[in-house]
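Dear colleague,

I am handing over a structure that will be new to you, and my notes on what was found follow below it. Please look it over before reading on.

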Amino acid sequence: MATSPDEHMQLEQAFTECPGQWVAVDRRTGRVVAARPTPHELAAYLKSSRIQDVDVIRAPAEHEPEMVGFG
């Protein structure tokens, strides 16, 4: 979760620049570390690059319906 306006803007930028992708965000800085089309590709990249301490989110594409709740 973003804790400052700067982090909020970085996360918003990630959504804009990576629609439909799975995104790894550094927990300390809020910056996007990597983005891949599938969670498996992202996990493989993070593991091979030894990247840790990230949160993984999916940036929805503009045409996707907004998800609310669990189901």
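A residue is called buried when its relative accessible area is under 20%, exposed when it is over 50%, and partly exposed in between, with a 1.4 Å probe and protein chains only. By that definition, 23% of the 71 residues of the protein count as buried.

The model is a predicted one, in which local features need pLDDT of at least 70 and side-chain atom pairs count only at pLDDT 80 or more, while totals for chains, interfaces and linings use all residues. Residues are numbered from 1 along each chain as its sequence is written, and side-chain values use heavy atoms, leaving out hydrogens and water.

Helices (H or I, at least four residues) and strands (E, at least two) are DSSP runs, numbered from the N terminus. The protein contains 2 helices and 3 strands, and along the sequence they follow the pattern α-β-β-α-β.

The 3 strands form an open sheet in the order β2-β1-β3, with antiparallel pairing, where two strands pair if DSSP finds at least two bridges between them. Because β2 (32–36) and β3 (54–59) each have a single partner strand, they stand at the edges, and one side of each is left without a neighbour in the sheet. Strand β1 (residues 21–26) is joined to β2 by 4 bridges, and the two run antiparallel; Val 25 stands opposite Val 32 in β2.

Finally, among contacts (heavy atoms within 4.5 Å) between residues at least 6 apart in sequence, 42% join residues at least 24 apart.
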